[in-house]
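Q: I'd like to go through this model feature by feature. Could you give me the general idea each time, then the case at hand?

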Amino acid sequence: MSTITENEDLRKERAKCTFNIEELTYLLDDGYENTRRRRDLENKVLSTKGLLDEIPEEYLSHKEKYENVIRKCVKLHRALLEYDDLRDKPIDEKIKAILRDTVSLAVTKDNSPMMLHSGMFLMAIEGQANEKQQEYWLKRGRNMEIIGTYAQTELGHGTFLRGLELRATYDEKTEEFILHSPTLTSYKWWPGGLAHTANYAIVMAQLYIKDKCYGMQPFMVQLRDEETHMPLPGIKVGEIGPKLGFNTVNNGFLGFENVRIPRDRMLMKNAQVLKDGTFIASPNSKLTYNTMVNVRVLIVNTVAKYLSSASTIAVRYAAVRRQSQMKPGEPEPQILDYVTQQHKLMIAIATSHAYHFTVRWLYDVSDTVKENITKGQLDTLPELHVLACALKVLSSSECTSLVEVCRRACGGHGYMLSSNLPQLYGVCTATMTYEGENTVLLLQVARSLVKAWDRAARGQPLSPSMSYIENKTLAAKWDASLDGIVRNFQIVSRSKLASSVASFQQYMKSGLSYEDAWNKASVQLIAAAEAHGRAIVLAIYKQQIEKQARNVSSPLRDVLHQLLELYMVYWTLEKVGDLLLYTQISERDVKALQRRYEDLLEILRPNAVGLVDAFDIRDEVLCSTLGSYDGRVYERLMEEAMKSPLNKEPVNDTFHKYLKPFMRGKL
């Protein structure tokens, strides 16, 4: 990165850094070779002519944005095809290898209409199709001979999968499934790329054979003619309209009017329908939803990257921006010198680290579960489901909240679209509702926790992530060590679970049905589920940092531990009410923690810019006037303002057409 016109304050900040920035970048990338590959790919792809916008897409109409993003996606795919040495790897293996790749965000900062093709469509084929189906469909999908999406959510139902209405009725006479949308609410709604981009979709529908429902099953359905791209007979497809974010993703709706597809278009790796209509059930119903579990794991990584971008923008801006006078007669200080600003931004960096390292552990768990599934061992699948739900909820809600904190930390300039912070918030906040609305997912976690509570009461073993529930011993006194903080958060989680289970049981004893009792206790139950997720994140973040710190230099080790401690102390102070209620923490302990938190902010302050530089996010990816590496904030703000079409002429036509007659009393 060139420093020819580097802002002087940023230059001084980088000179103060106490650790090797490149070493941290290599650690985040899981090794130098991954960093080299990622940078090489970025350099080659982003040098492709016509790939980056000359006119900011914010000035385009909705239709123009879509047409422009398709143009860029085609160019991007060709460039990736030429330079990406991982393109032929299985999708799961590739995803793990490119967890830190962000080059596509330089091209489609509001995301791509092909994102579900490269993610869920191909992933679902790998997870749900049998070998023969995989051989045909994966080849076509990977070669981009077809473009696919994944259609599950409907206009009337989302996370409640059993409520989905689209029917696939088997006709044994013709060996076909008849797809039909019986109501308006049964129309598929939301799939990315569905509106005008995809010509195939994996469609989730309720399977009916001889008037009996066999639950949700996946079907490969052709939506459009491969030559003309016209919708096929019986297919009703279109776009759902503008949104808070994702406005270049081409989200669509889809309805079916007695559309027939061959029997082999049902993906039959886990469940099958024979020619005569005999249904062979999956050994585990959750295998049908395994694609969603995998995507929830991916979301944890995605939101961590969004937050790393937001914190990079906000920290660099805070180093350049000077405001007010801390002491009379002295120059205006950098706003990064204000402890309130450090409080906003340091936790954003620490949180990005927390989920960056946690998701790597989660991928290892996922790999183990997948390996067990291939051996016919399904007993570890429920734990992965709970972990993916809990961590998806916490990561999406935390990171979204902190992206907004970063935006506000940039003052009025953070409200400018050219800062890219509003767009980052738009795409990040979407993660709280797609692939499972967060409250519903917490209730799913709660159901598993209640079952675990019952098993523990009967002396039965629990899954590793829930084993702490068996420990009924309260800590004798508050322990402010990192291990002590983890244990006390586990105590909070267990205590909240005990309290919510007791309330649920009392409601049952009072005469309420199971369902009504559950509903009445649900606020307590989701609080217990959230506490369980918090205990997991703290424990895993600590575990992963201790593991990684063995192989890094002493200065970097110190900074990693400082961020870890900051994160733990921050959440201790945030949850002090729970800790006062369920643990032995005292007012004196809280005051000591507050002092330690303030000390940690001071210790980390010289490394703030170095820490975000280590995320190694190119200016083209940041797309931000406030967050560029060189710190030319004000020059870039003015340069972007001058790109507005309204600045192309000194007098707009509306003056003569409307304003002048109005001011002269003629309108």
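Q: Let's start with disulfides: how many are there in the whole structure?
A: A disulfide is a covalent bond between the sulfur atoms of two cysteines. The cut-off used is a pair of cysteine sulfur atoms within 2.5 Å, and a search of the whole structure finds zero. Take Cys-406: its nearest cysteine sulfur belongs to Cys-410 and lies 7.2 Å away.
Keep in mind that this is a predicted model, where local features need pLDDT of at least 70 and side-chain atom pairs count only at pLDDT 80 or more, while totals for chains, interfaces and linings use all residues. Residues are numbered from 1 along each chain as its sequence is written, and side-chain values use heavy atoms, with hydrogens and water left out.

Q: Is Cys-406 buried or exposed?
A: Buried means under 20% relative accessible area, exposed over 50%, and partly exposed in between (1.4 Å probe, protein chains only). Cys-406 has a relative accessible area of 0%, so it is buried. Cys-213, at 36%, counts as partly exposed.

Q: Which strands pair with β5?
A: Strands here are DSSP runs of E with at least two residues, and helices are runs of H or I with at least four, numbered from the N terminus. Two strands pair if DSSP finds at least two bridges between them. Strand β5 (residues 200-209) runs parallel to β1 (residues 148-151), with four bridges, and Ala-151 faces Val-203 across that pairing. With β2 (residues 167-171) there are three bridges, again in the parallel sense. The pairing with β6 (residues 212-222) is antiparallel, over nine bridges. β5 and β6 make a hairpin with two residues between them, and Lys-210 in the turn has a positive phi of about 50°. As for cover, ten of the ten residues in β5 are buried.

Q: What is Phe-256 in contact with, beyond its sequence neighbours?
A: Contact means heavy atoms within 4.5 Å. Setting aside neighbours within four places in sequence, the partners of Phe-256 include Val-203, Leu-223 and Ile-235. Phe-256 sits in strand β8 (residues 252-256) and, at 3% relative accessibility, is buried.

Q: At what angle do α10 and α17 pack?
A: Axes are lines fitted to C-alpha atoms, for helices over the stretch in contact, and angles run from 0 to 180 degrees between N-to-C directions. Helix α10 (residues 339-374) and helix α17 (residues 554-574) pack at about 105°, with axes 9 Å apart. Angles of 65 to 115 degrees count as roughly perpendicular, so α10 is roughly perpendicular to α17.

Conventions:
Parallel < 35°, antiparallel > 145°, perpendicular 65-115°, else oblique.
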